[in-house]
Amino acid sequence: MRYEILGEPLPIVVCYPEQNETLITEKGSMSWMSPNMKMETSAGGFGKAIGRMFSGESMFLNRYTAMGGAGMIAFASSFPGSIMEFDIEPGKEIIAQKSSFLASEAGVELSVHFQKKVGAGLFGGEGFIMQRLSGYGKAFIEIDGYCKRYDLQPGQQLIVDTGYLAAMTADVHMEIQTVPGLKNKLLGGEGFFNTVLTGPGTVYLQSMPISAVAGSLSPYFPTGN
């Protein structure tokens with residue numbers, strides 16, 4: 001399938017599926033399309049629907065199929081940043097932050113991914129549940145702000161502040177580390193926990209998590225009486 005990503009820092013991905021080719025997306029993600037794109041809404045099974053709900057996505061997915069010839073469909077990002085394309089196949093699964101899934105070819109499966117350790121789930125920024133993209137095909141995810149990629153060697157570690165982890169390959173090991181020192185915890189302004197990522201594998205970090213933006217803007221919001 002041919003596609004193009006345009007318009008950063010307010011990006012959109014325009015896809016050009018061939019006849020009978022199908023794309024899946026979250027409800028409300030379609031921006032514009034050619035008239036021959038047929039939409040069908042599906043849960044894909046109760047278990048998968050519940051898993052998507054817990055991973056921060058809608059229980060239902062929309063399927064768009066090009067009928068009678070090649071089509072065109074566009075999906076826009078919901079926040080300033082980047083759209084990244086991944087070629088998903090067995091052994092190349094991607095673990096991503098909640099609500100980052102934008103669209104994919106029909107062979108990609110979106111499921112829930114639980115952190116192995118409860119500590120990682122409770123304090124790891126994006127929470128106990130992340131998204132797992134598996135199967136076959138191209139997938140597009142949203143990155144908040146600029147994206148920086150690191151290819152970690154075996155045993156190489158990277159310490160990441162809460163919320164800045166956008167995605168990683170499934171072979172990266174993730175755990176939670178307590179910030180040392182009571183004064184650092186209370187006065188450092190960086191929270192109580194950091195995420196420790198250990199290679200091998202590839203890590204994708206984002207420069208502007210929505211949570212950080214919300215925290216910066218909250219003092220300027222009027223409060224109710």
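A salt bridge is defined here as a side-chain nitrogen of Lys or Arg within 4 Å of a carboxyl oxygen of Asp or Glu. The structure is a predicted model, in which local features need pLDDT of at least 70 and side-chain atom pairs count only at pLDDT 80 or more, while totals for chains, interfaces and linings use all residues. Residues are numbered from 1 along each chain as its sequence is written, and side-chain values use heavy atoms, with hydrogens and water left out.

Side chains of opposite charge can pair when their charged atoms come close. The structure holds three salt bridges. In one of them, the side chains of Lys-138 and Glu-85 meet with an N to O distance of 3.5 Å. This pair links distant parts of the chain, since Lys-138 belongs to strand β13 and Glu-85 to strand β8 (residues 81-88), 53 residues apart. Helices (H or I, at least four residues) and strands (E, at least two) are DSSP runs, numbered from the N terminus. Lys-138 also forms a salt bridge with Asp-87, the closest N and O atoms being 3.0 Å apart. Asp-87 lies in strand β8 and is 51 residues from Lys-138 in the chain. With a relative accessibility of 18%, Lys-138 counts as buried, whereas Asp-87, at 44%, counts as partly exposed. In these terms, buried means under 20% relative accessible area, exposed over 50%, and partly exposed in between (1.4 Å probe, protein chains only). A further salt bridge joins the side chains of Arg-149 and Asp-151 at 3.0 Å, N to O. Both partners are partly exposed, Arg-149 at 46% and Asp-151 at 43%. Salt bridges that share partners connect Glu-85, Asp-87 and Lys-138 into one network.

Strand β2 (12-16) is largely enclosed by the rest of the structure, because five of its five residues are buried. Ile-12, Val-14 and Tyr-16 point one way from β2, and Val-13 and Cys-15 point the other way. Strands count as paired if DSSP finds at least two bridges between them. Strand β2 runs antiparallel to β1, to which five bridges join it, and antiparallel to β7 (residues 73-76), with four bridges. Ile-12 stands opposite Leu-6 of β1, and its bridge partner in β7 is Ala-76.

The hairpin of β1 and β2 has five residues between the strands, and within it Gly-7 takes a positive phi near 85°. The loop between these strands also holds Pro-9, whose peptide bond from Glu-8 is cis, with omega near 15°. Another cis peptide bond joins Gly-199 and Pro-200, with omega about 15°; Pro-200 lies in the loop between β18 (193-198) and β19 (201-206). Asn-20, in the loop between β2 and β3 (22-26), has a positive phi near 70°, although the residue is not glycine. Asn-20 is exposed, with a relative accessible area of 53%.

On the surface, Leu-217, Tyr-220 and Phe-221 form a nonpolar patch with about 380 Å² of accessible area together. Patches are made of residues with over 30% relative accessible area and no salt bridge, like charges being joined within 9 Å and nonpolar side chains (Val, Leu, Ile, Met, Phe, Trp, Tyr) within 5 Å; accessible areas come from the Shrake-Rupley method with a 1.4 Å probe, and for residues only the protein chains shown count as cover. Leu-217 is located in helix α4 (residues 210-217) and is partly exposed, at 41% relative accessible area.
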